[in-house]
Amino acid sequence: MGRECENLLSFIADELNDNNKRKFEKHLQHCTECAKEYEIMTDAWHSLYLDIEEQKVPESLKAEVMDFVFIEDEKDRKLKSSFNINEWFSQLYRQFSPIAAALIVALMVLTIALSFSNMQLRNEVKESGQENIVPIEVLSTLSLQAADQTEGNINTGGSAVILQQGEAKSLVVQVRDLPRLEGSEVYQVWLLKNGKRKNAGIFKPDESGAGILTYELAQNLQFDQIGITVEPDQYSTEPRGKKIVGSS
Amino acid sequence: MKEKRDEELMKLVNKKDRRALEELYDRYIKLIYSFVFKFTNGNAETTKEIVQLVFLKLWTTKSSYHSSKGKFVNWLLTVTRNVCVDYIRKDSIHTQNNQQMNPHLPVEIADPVDEIEKKLTFNEVAAAKSKLSTSQKRLIDLLYWKGFSLTEIAKMENEPVGTVKSRLHQSLKQLKKHLEVEDL
Ligand SMILES: [Zn+2]
């Protein structure tokens, strides 16, 4: 396996920048090992979408989508055609003295040159693989355990990670081996600070009892504990059911 | 329009044929809608906004679909998923609203999608996925359905990126194997 081969998974997850993507596409044509693996991987990757549930599409959606598409497209075209250079010059010379007009043109050229070099700079940043995505940092990690260890759910547990990206903070809660839910029941995540609880959303685990929840944290929100309860339905504003998992 | 193949339809869409876009909508909205609905954790409002952006993307895209690129449905869902990921990353990380839940509905999709996916059914993929280990499933969920990158997942799991990559490799390989066994 060469160094280029290591990019296979990043290529499938579409995480390479344009430059590396092109390089890997070339590599795929020569490396039989990668070509073989690539076929298996993409097959599996493309089958993942089938893990969805059929939803009822609202009747009104078609009109809303089509209106949106055609109006946005129209707006975009008007914007482009409104900047007609010739028209702009003739207006300029009609409105200003020749010297003032020449000055405005010079400024305009400078502005275009500056924004162009800025654009290039941004492209270079992108090429170097940074994209213009702000990096994510892990602020802290909390471990989660079963609230009641005696009930045969000793395997139940997981983790909660607090992430920071630029100004934004979010919480990712992952739990495994959760007891099965009945009917309309859901799991609900609560953030605790000085005995006060804040609702951080609900989730349903998959058949194996694994569940993931992501929640955007308000900037000033503080908490020192996490609790997960089983609730009779999705409408709880205070816990009504039993606590199943908590941070230690 | 009805008798046109997907590839022909998409070519017409590239040429700004509105009826072709509407036909594409009729054929695939159920699939696209259900996909985005899952991606947004069942938030109907966000789902609508993303679906609108998906069709705007199809209408304005310079790239076209060729049958050499694989199945049309895979191409379409790659476009859809990219719009989902872009939307979620736009101003902050994961601003998903977790308040709305998706009711469990029977899993079967009507024509014409099942003509494309003759062999695989929704249940089969869910079953194959359930055979993966917890950490493999978590990786797929974070990557595919939550839009985190491999590097971000490595940070979250406190592991080297290489480890996450090889876990993904193993997960996809096993998934493929389980799917093939069920096909027999
Ligand atoms: Zn290779």
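B:F35 is in contact (heavy atoms within 4.5 Å) with residues of both chains: A:Y49 and A:I52 on one side, and B:L77, B:T80, B:R81, B:C84, B:Y144 and B:W145 on the other, leaving out residues up to four places away in sequence. Together with B:L21, B:V51, B:F55 and B:L58, B:F35 is among the residues with the most contacts inside the largest nonpolar core, which has 83 residues. A nonpolar core is here a set of buried Ala, Val, Leu, Ile, Met, Phe, Trp, Tyr and Cys residues joined through side-chain atoms within 4.5 Å; buried means under 20% relative accessible area, exposed over 50%, and partly exposed in between (1.4 Å probe, protein chains only). Helix 2 of chain B, residues 18–39, gives this core its largest share, 13 residues. A second, separate core comprises 23 residues, including A:I162, A:V189, A:L191 and A:L217.

This is a predicted model, in which local features need pLDDT of at least 70 and side-chain atom pairs count only at pLDDT 80 or more, whereas totals for chains, interfaces and linings use all residues; side-chain values use heavy atoms, with hydrogens and water left out. Residues are numbered from 1 along each chain as its sequence is written, and chains are lettered from A and ligands numbered from 1 in the order in which they are written.

**Chain B**

Chain B contains nine helices and zero strands. Helices (H or I, at least four residues) and strands (E, at least two) are DSSP runs, numbered from the N terminus. Of the 184 residues in chain B, 55% are buried. Among the contacts in chain B with a separation of 6 or more, 63% join residues 24 or more positions apart.

**The interface**

Contacts between the chains involve 66 residues of chain A and 79 residues of chain B. The two chains bury about 7,000 Å² between them, 64% of it on carbon and sulfur atoms; buried area is the accessible area (1.4 Å probe) that two parts lose on being put together, summed over both. Ten salt bridges are counted between chain A and chain B, each being a side-chain nitrogen of Lys or Arg within 4 Å of a carboxyl oxygen of Asp or Glu. One salt bridge pairs B:K30 with A:E54, with 3.8 Å between the closest N and O atoms. On the side of chain A that touches chain B, helix 4 of chain A provides the largest share, ten residues.

**Two buried positions in chain A**

A:E231 lies in strand 7 of chain A, residues 225–231, and is buried, with a relative accessible area of 1%. Its side chain makes the polar contacts tabulated below. A polar contact is a pair of N or O atoms within 3.5 Å; within protein, one must be able to donate a hydrogen and the other to accept it, and residues adjacent in sequence count only if both atoms are side-chain atoms.

| Side-chain pair | Polar contact |
|---|---|
| A:E231 and A:T229 | 2.6 Å |
| A:E231 and A:S236 | 2.6 Å |

Beyond four places in sequence, A:E231 also touches residues that include A:E185, A:V186, A:W190 and A:R240.

A:G209 is found in the loop between strand 5 and strand 6 of chain A and is buried, with a relative accessible area of 3%. A:G209 and A:D177 are 32 residues apart in sequence, while their C-alpha atoms are 4.5 Å apart in space. Setting aside neighbours within four places in sequence, A:G209 is in contact with A:V175, A:R176, A:D177 and A:L178.
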